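Please look at the sequence and the model first, then follow the sections below.

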Amino acid sequence: MTSQNERQGTSVPARTAGPRTPWHLAGRDPEMALLRSAVTACAGGNSTVVEITGDPGLGKTRLLTELGALARSEGLTVLSGRASELERQRAFAAFAEPLRRCAGLLPEDARETPDEDTAALLDLLSHWAPGTVTGRSRFPGVERYRLYLAVARLLAGADRGHGVLLCLDDLHWADESTLEVLHHLLRQPPGTPLILACAHRPRQAPAKLRASFQHAAADYSTSRLPLAPLDRHACEKLLGPGHTPGRRERLCAVSGGNPLYLEVLAELSAQGAGDFADLPDTLRAALAREIALLTTGELAVLRAAAVLGDPFDPLLVAPVADLATPGALDALDVLAAKDLIRPVTPAGQRPDSRQLLQFRHPLLREVVSWETPPGWFLAANGRADRALWLSGAGPVERAPYVVRSAHPGDREAVGVLTEAAALTLRTTPAIAAAWLRTALRLSPPDRSVEPARRLGMLLGLANASGMTGDLAACREALLHALDLIPRDRPADRVPIVVLRSVVERILGSSRAAGLALEDEVARWPENDPRANPLRLQLATVRTAQGRYAEADEHLDALLARTPAPLDRRTRTAIAACRALGAAYSGRGPLLTSHAREASAALDVMDDQELTTFLDEAGQVGWAEALAERHGDAIRHMSRAVRVARRTGQTCMMAYLSLCQSYAQQAAGDLTGALTSAAHAEETAHLLGRPDLVGHALTLRATATALRDGPAAATPAAEHALSLVERRGRLWELATAALAALRLDQGRPDACMELLHTVIGAHDSDRSGRTATIQALRATWYCTAAQAETARGNNAAARVWAARATDAAETSGLPGQRGYAALARAAVHDDDPCACGAIEFRATAADRFAAAGLVLAEARARLALGRTLTAARRLEAATAATGRAKRLADACGAGYLGTLAVNAQRQIGARQPRPGQGPMGPTLSDQERRISALVARGLTNNAIAADLFISVKTVEGHLTRIFRKLHVTSRAGLAAVLAELFDAGAVPRLSSSP
């Protein structure tokens, strides 16, 4: 329970009429110091997450209040909201008042004509606002993810130049939509300095809330304040004077350092009570004693207020309490005088509505609800529903009261809940699902009465469950829906079986999907085209299982047995399935041809047709990306994501956004790739799909490595690998990405340890482990060749380079041939003249350019530039490195650009300096003699003896020679000197003086 001193920092030694007087804060100096730091940081442009946790009564809300006062003193915009145990079917409950306040701070033109997403959000909040009658939503089609973006924009718009403080209290009671918005804000900060201060009871907090705090974005600093009981000194300070030593001793001991218990015990003790055996019960009893002194009418009004919500509209109290309006209003005055109810504070009050009231404390409302007889409570909710209906309220406003008052068989209640669910499906699917479950429970048990209506509710429940990520509940609803359709009506079963198959695949249950499809297909004549959707799904399942020959057999049979002409939709689905299978199995020519066919068909589909084709569109996009048709993949996935958002198909969003991010990164759009990966990660979290979260983190890591360097990318890559299921395709991608980062970090042993789990050990034969994404094998073999070269294991590197060449030729893709060329370049790095390495790196860069792999080309040209520099071909090195720098800058690859700049400096250091000839530095005669002796292998002592000079003089000459020739060793000096002698830049002199 949250305490009165939490809510207002208040306590009094004895209960008196009127509002309570605040106690001072004691025992929280370290916590207050952290809060002051957060406010100072926010005023300086930085964002902080403050998580305050603790048992009931320890002062969580009091600290939020103190934080608000500190923030106001520094000019921050302060917004406050809280969740309620009794309002879990109200959407965005904790955010409702803060967002209404934000809307009031908008410029006048933005308030009058907000963008569609903001208007939809405010319209949705008005459905839940007490004292407001809105009827139907004006924006039923806005997808919830867009609403979350609107929340972030509203918070950013509330900033008045010093940052924003958003306090959210009692989040252990938060509804699903509140948790989703909070998760979004934690993952994607709103772009303005923000203190996100959240309070909750850790032992009651849902797992989703705890996980959200663990994965806050790096933009936030994090302060966690777990509150402990107060020590003896703080307790005595709170009590103050007025208590005998014995009473102080007993109060401090019995309260256990809990400020709330100390407050209540002090008040009861002042009133003569002395039995404090059960503190929670004692606390409830203290509140119940206040209620027990009320008259029958006053108690009825207080109970009605508890039914209506917090805050509540005073004009609805009379009908809910079943009293005449004058008497009810008189009772409200009495309750306000006794400080049981209070006006809503001005910050939470909207100027366009009448004065709302709220309970002094949420705990008081809880006690009133607990003390309300169940029959009265049931009837009062029914009266609340009727009062709202008479006032013109829509089904969304009525639904919470219908849920608490309807009886089984109540058809009107079923209709209200079904309609309310339909209106809120896109924006708050979790609440819609709860209403549909209640509607199904209330439906008449005789299914024959309204089978179509019940089937519609089950399919709606399946849709809502899928949108919330509860795919198990989605599957269960689909199975119940299939039970309503006799098997002698197979045509009616086909779309539901197909949808169930998609859900099973998303859940990773390809075997269950295959069995269900096989059973259903067996009921159809072989040449009946109405079963084609089932056959297509079966082929897709076989492709996902890696059973490519079976998938092709199903598709061949479908084509052979279906009368011509085959409809475009079916042809496109077949091409998409074949293309993806070819990508996974490494059949390059088939991949290219089928991807081209599917791409052309997708281009002529309108958005309405695409709405029911997103699964197949995702297959096309991945096939295009793996076929190195990145422009097509980006175009199709951008459109598919837009359609999925508009139509609320959240379960498809992660799959589509991941493909979009992959293609954007390959094409060099790092900013777009990171944005798409963030969207995919967000949706995957909403769906409860850790494997897809892992894939999104993999993509984020590979893009971050190019922008910020491997050190910045490694944590995301490591976390990604821990999330994906071992031995699957996503695991292979995550493992290969982390291996590449290890190589970039200069850890080739760790790189090979990871790669061996994906592509086998270098000394294994071809029957060993192979990757399941065959189209990418050359990429991974290239990494292995480079790692083995770095380890000095050239024989193993040659094996991997040969495998990369074979895999690239099989794929026929220019990008994969580029990686094969890079692998061959690695094994030529020990060539003194570097001719082979130069040739292969130049070939790799050209092939990457042909494939549109912009960043791969940049890396290849950077490596080429380094090799050319080492070979002293400085003009060609300058050209290659300059091209790498321009590509990196255009793509926002800051780290890669920095490497290019460093390479350019190395080239510059080798250019002729003033005093140097066109082919090399000018050495003095003595320096030439010493250089010649070094080249012959003489030591410094031998050179000194030969030239009749001191060893110290030899060392000084060598220092100058090394600096002029830009070498750091005697071997390097000998090699450079040989080049200069051969070029005629340095005449050959005798070593004798």
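Glutamate 51 stands opposite cysteine 198 in E4. Helices (H or I, at least four residues) and strands (E, at least two) are DSSP runs, numbered from the N terminus. Strand E1 covers residues 47–53 and strand E4 residues 194–200, and the two pair in the parallel sense over 6 bridges. Two strands count as paired if DSSP finds at least two bridges between them.

## Basis of the model

This is a predicted model, in which local features need pLDDT of at least 70 and side-chain atom pairs count only at pLDDT 80 or more, while totals for chains, interfaces and linings use all residues. Residues are numbered from 1 along each chain as its sequence is written, and side-chain values use heavy atoms, with hydrogens and water left out.

## The chain as a whole

The secondary structure of the chain comes to 49 helices and 9 strands. Of its 993 residues, 56% are buried. Buried means under 20% relative accessible area, exposed means over 50%, and partly exposed lies in between (1.4 Å probe, protein chains only).

Contact means heavy atoms within 4.5 Å. Among contacts between residues at least 6 apart in sequence, 68% join residues at least 24 apart.

Strands of a sheet pair through backbone hydrogen bonds, either parallel or antiparallel. Here 5 strands form an open sheet in the order E2-E3-E4-E1-E5, with parallel pairing. Strand E2 (77–82) and strand E5 (220–226) stand at the edges with a single partner strand each, so one side of each has no neighbour in the sheet. On average, neighbouring strands are turned by 15° against each other, direction ignored. Axes are lines fitted to C-alpha atoms, for helices over the stretch in contact, and angles run from 0 to 180 degrees between N-to-C directions.

E2 pairs with E3 in the parallel sense over 6 bridges, and valine 78 has leucine 165 in E3 as its bridge partner. E3 and E4 also run parallel, joined by 5 bridges. In E4, cysteine 167 has alanine 197 as its bridge partner, and leucine 168 has cysteine 198.

Strand E3 is largely enclosed by the rest of the structure, because 6 of its 6 residues are buried. Val164, Leu166 and Leu168 point one way from E3, and Leu165, Cys167 and Asp169 point the other way. Helix H3 (residues 60–73) lies across E1, E2, E3 (164–169) and E4, running at about 165° to E3.

For E4, 7 of the 7 residues are buried, so this strand too is largely enclosed by the rest of the structure. Leu194, Leu196, Cys198 and His200 point one way from E4, while Ile195, Ala197 and Ala199 point the other way.

## Leucine 25 and its contacts

Leucine 25 lies in the loop between helix H1 (4–8) and helix H2 (29–43). Its relative accessible area is 28%, which means that leucine 25 is partly exposed. Leaving aside neighbours within four places in sequence, leucine 25 is in contact with Met32, Arg62, Leu63 and Glu66. Leucine 63 is 38 residues away from leucine 25 in sequence, and the two are 8.8 Å apart in space, C-alpha to C-alpha.

## Helices H35 and H36

Helix H35 (residues 690–708) packs with helix H36 (residues 710–723) at an angle of about 165°, and their axes are 8 Å apart. The two helices are therefore roughly antiparallel to each other, a term for angles over 145 degrees, whereas angles under 35 count as roughly parallel, 65 to 115 as roughly perpendicular and the rest as oblique.

The residues of H35 that meet H36 include Pro690, Leu697 and Asp708, and those of H36 include Pro710, His719 and Leu723. By class, this contact has 12 nonpolar, 4 polar and 3 charged residues. Ala, Val, Leu, Ile, Met, Phe, Trp, Tyr, Cys and Pro count as nonpolar, Asp, Glu, Lys and Arg as charged, and the others, Gly among them, as polar.

## Helix H46

Helix H46 (residues 925–935) is mostly covered, with 8 of its 11 residues buried. Among the buried residues of H46 are Glu927, Arg928, Arg929 and Ile930. Glycine 937 follows H46 and has a positive phi, near 95°.
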